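Hello,

Here is the structure I promised to pass on to you. Please have it open while you read, and my notes follow just below.

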Amino acid sequence: MELKDKVAFITGGGGGIGEGMAQAFIEKDMRVVLADMDLLHAEEAAARLGDRAIPLAMDVTSLDSWATARETVLTRFGQVDILCNNAGISSERMPLDQFPPEAFAKVMAVNVTGVYNGIATFGAEMRERGGGHIVNTSSVNGLTPFGTFAAYSASKFAVLAMSDAVRQEMAPYGVGVSTLFPGLTRSRMSLDPKGGADKGKIDRAALEANMMQPIWLGRAVVRAIERNEPYIITHPDYRPALEARFRDILDAFGGPAQPGYKTGASATM
Ligand SMILES: NC(=O)c1ccc[n+]([C@@H]2O[C@H](COP(=O)([O-])OP(=O)(O)OC[C@H]3O[C@@H](n4cnc5c(N)ncnc54)[C@H](O)[C@@H]3O)[C@@H](O)[C@H]2O)c1
């Protein structure tokens with residue numbers, strides 16, 4: 001897809017990875033909407049990015065909020081070409097059986113329902129138009145789950161599942177779908193010690209020094225959209241963990257559990 005003059009709608013655009021995507025899109029002469037629950041952060045990001053960036057207040061968990069945002073953006077720009085479902089929240093690290101139910105529901109509402117809401121709002125018009133691209137932000141935790149981070153990992157696995165399924169649904173209509181799997185990247189979320197890292201167990205100074213800068217994730221997203229690639233993996237250090245996990249899964253395939261079972265009947269289910 002040629003990106004010049006296209007319009008991107010980026011949730012969680014008020015900083016971090018969303019702002020990195022916005023910056024990379026502007027390098028391609030696009031216009032960007034920075035949609036964020038925190039309007040002040042979106043306004044500050046827009047001020048850094050210049051007049052191709054528009055801040056917008058919205059809550060991704062609310063379909064009404066999506067409808068209002070859609071009206072605003074369509075009135076201003078006519079259409080959204082690139083939808084980046086990027087808003088997300090992290091969580092305290094603790095065993096899942098101690099994780100409070102309200103916190104679990106909130107992680108799912110923002111990280112999973114927020115992505116569904118975005119696709120439900122803009123997907124049909126992309127399909128009818130026969131063009132566009134959706135980028136959903138998962139995480140390395142959406143490929144290899146880590147203990148004490150089960151709710152967040154579950155939400156990010158769900159993002160991958162939705163992305164892969166929607167990519168199949170959208171392919172016949174010329175709409176691309178990509179999933180971004182960031183590792184540790186500099187942002188408010190990753191710099192908040194109660195969020196992405198084990199409190200007290202990790203050398204925060206070393207961790208922060210090694211965080212990737214969001215602009216590089218943004219440029220990787222640009223390349224993936226241009227080439228319609230399904231997966232965007234920016235941090236190769238997680239490859240051994242992923243290889244070990246896939247090896248375990250593939251090793252679990254043996255003969256059928258039921259003697260005489262004829263393979264093929266369950267191809268899609
Ligand atoms: N930074 C990392 O190391 C890292 C690693 C893997 C995945 N991620 C994912 O990247 C995405 C971006 O996170 P980030 O690291 O840039 O953090 P960030 O906290 O800077 O950005 C997230 C943004 O989402 C916004 N937001 C939260 N809830 C919202 C809601 N209900 N509606 C609208 N906006 C809402 C926040 O206000 C914030 O500006 C998230 O989905 C996160 O899970 C981040």
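Which residues are exposed on the other side of H2? They are Leu40, Ala47 and Arg48, where exposed means over 50% relative accessible area, buried means under 20%, and partly exposed is in between (1.4 Å probe, protein chains only).

Before going on, a word on the source: this is a predicted model, in which local features need pLDDT of at least 70, side-chain atom pairs count only at pLDDT 80 or more, and totals for chains, interfaces and linings use all residues. Residues are numbered from 1 along each chain as its sequence is written, and side-chain values use heavy atoms, with hydrogens and water left out.

Back to helix H2, which spans residues 39-49 and has Ala42, Ala45, Ala46 and Leu49 as its buried residues. These cover an arc of only 100 degrees around the axis, so they sit on the same side of H2; the arc is that of the directions from the helix axis to the C-beta atoms. Helices (H or I, at least four residues) and strands (E, at least two) are DSSP runs, numbered from the N terminus. Among the elements that cover the buried residues of H2 are helix H1 (16-27), strand E2 (31-36) and strand E3 (53-57), with contact meaning heavy atoms within 4.5 Å. After H2 comes Gly50, with a positive phi near 100 degrees.

Now for the rings. There are 5 aromatic pairs in the structure. Rings of Phe, Tyr and Trp (its six-membered ring) pair if their centres lie within 6.5 Å; planes under 30 degrees apart count as stacked, over 60 as edge-to-face and the rest as tilted. Phe149 and Tyr152 are stacked, because their ring centres are 4.8 Å apart and their planes are at 25 degrees. Phe149 is buried at 4% relative accessibility, and Tyr152 is buried too, at 8%.

Phe181 and Tyr231 make a tilted pair, 6.0 Å from centre to centre with 55 degrees between the planes. Phe181 belongs to strand E6 (residues 175-181) and Tyr231 to strand E7 (residues 231-233), so this pair ties together parts that are 50 residues apart in sequence. Phe181 is buried at 1% relative accessibility, whereas Tyr231 is partly exposed at 41%. Elsewhere, ring pairs join Phe9, Trp66 and Phe122 into a cluster.

Arg93 lies over the face of Phe149, 4.4 Å from the ring centre, and Arg219 lies over the face of Trp216, at 4.6 Å.

Best wishes

Methods: Lys NZ or Arg CZ within 6 Å of the ring centre and 35° of its normal.
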